[in-house]
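Subject: Structure handover

Hi,

Here is the structure for you to look through. My notes on it follow below.

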Amino acid sequence: MRLFTALALPDEVARALLLIQAGVPGARWSRREQLHLTLRFIGEVDGAEALVIDDALASIAAPGFTLELKGTGSFGGKKPRDLWTGAAPSAPLLHLNRKIESALQRIGREPEARKFTPHVTLARLKHSPSGAVADYLTDHALFASPPFAVTAFCLYSSKLTSDGSIYRVEKEYPLQ
Ligand code: 2AM
């Protein structure tokens, strides 16, 4: 199975995101149940590895915090692949990310090579005109979600289908 850790989003925040999902040709907008903020991608594992990962994640002690999503961006430069909203700077979010990273390295997982860029993917893009993407990013540059309490993080599984990814919360780990 393919696993990753992420924050689930409350309905109030998801509603705010769904409201800004319009106006870009070629965008496949994330559905409510696809919205999440990835903390650490894990990748393909077998059942035995998943159990070890679950144990490692369950042993993490980190404080809960308040988070706000802010602004918009896109990965891929001249060939934009997606649209996303970012997280306002948050020391406790980085702390949680580091805790997960070290817990996974302790059980022998490879270190994450990518820099952590906290974001919630709003859409995947296919042949979207770069002008439309630029306009979208300008129009929503000042987007801010309602602040929300982060009281847990989750282990998700991901199944790739022709209709997009199906994400499922497998486990939830409370924060203190
Ligand atoms: P994305 O939304 O920016 O594509 C499930 O696929 C989640 O893990 C998505 O949020 C995705 O981020 C992220 N993800 C997928 N592959 C990844 C990888 N190789 N490294 C880091 N994150 C990845």
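First, a term: two strands pair if DSSP finds at least two bridges between them. Helices (H or I, at least four residues) and strands (E, at least two) are DSSP runs, numbered from the N terminus. This is a predicted model, in which local features need pLDDT of at least 70 and side-chain atom pairs count only at pLDDT 80 or more, while totals for chains, interfaces and linings use all residues. Residues are numbered from 1 along each chain as its sequence is written, and side-chain values use heavy atoms, with hydrogens and water left out.

Strands

Start with strand β6, residues 82-87. Six of its six residues are buried. Here buried means under 20% relative accessible area, exposed means over 50%, and partly exposed lies in between (1.4 Å probe, protein chains only). β6 pairs with strand β5 (residues 69-73) in the antiparallel sense, over four bridges. Within that pairing, K70 stands opposite G86 in β6. β6 also runs antiparallel to β7, joined to it by five bridges. D82 has R124 in β7 as its bridge partner.

β1 is mostly covered too, with five of its seven residues buried. Seven bridges join it to β3, antiparallel. There, L7 stands opposite L37 in β3. Five bridges join β1 to β9, again antiparallel. L3 stands opposite S157 in β9.

Core

A nonpolar core is a set of buried Ala, Val, Leu, Ile, Met, Phe, Trp, Tyr and Cys residues joined through side-chain atoms within 4.5 Å. The largest one has 45 residues, and L37 and F153 have the most contacts inside it. Helix α3 (residues 91-106) gives the largest share of this core, five residues. A second, separate core has five residues, including F4, C154, Y156 and Y167.

N97 sits in helix α3. Is it buried or exposed? N97 counts as buried because its relative accessibility is 12%. Leaving aside neighbours within four places in sequence, N97 is in contact with L39 and F116.

Pockets

Some background first. Rolling a probe the size of a water molecule over the atoms shows where empty space is left. The search uses a 1 Å grid over the protein atoms alone. A pocket is an open set of points where a 1.4 Å probe fits, with protein on both sides within 12 Å along at least five of seven lines. Lining residues have an atom within 4 Å of a point. Grid points are joined across faces, edges and corners, and a volume is the space filled by probe spheres set on the points.

The largest pocket has a volume of about 840 Å³. It is lined by 24 residues, and T38, F41, F75, R114 and H119 lie nearest its centre. β3 supplies the largest share of that lining, five residues. Elements that each supply at least two include β1 (2-8), α3 and β10 (164-174). By class, the lining has seven nonpolar, eight polar and nine charged residues. For these classes, Ala, Val, Leu, Ile, Met, Phe, Trp, Tyr, Cys and Pro count as nonpolar, Asp, Glu, Lys and Arg as charged, and the others, Gly among them, as polar.

The second largest pocket has a volume of about 230 Å³. Its lining includes R28, W29, H36, R124, D163 and Y167. β2 (27-29), β7 and β10 each give two or more residues to it. The largest share, three residues, comes from β10. By class, there are two nonpolar, six polar and four charged residues.

Two residues to look up

R124 is found in strand β7. R124 counts as partly exposed, because its relative accessibility is 39%. R124 and R81 are 43 residues apart in sequence and 6.0 Å apart in space, C-alpha to C-alpha. Leaving out residues up to four places away in sequence, R124 touches G26, A27, R28, R81, D82 and Y167.

L142 lies in the loop between α4 (130-139) and β8 (148-150). L142 is exposed, with a relative accessible area of 83%. L142 and L9 are 133 residues apart in sequence and 20 Å apart in space, C-alpha to C-alpha.

Best wishes

Key. Contact = heavy atoms within 4.5 Å.
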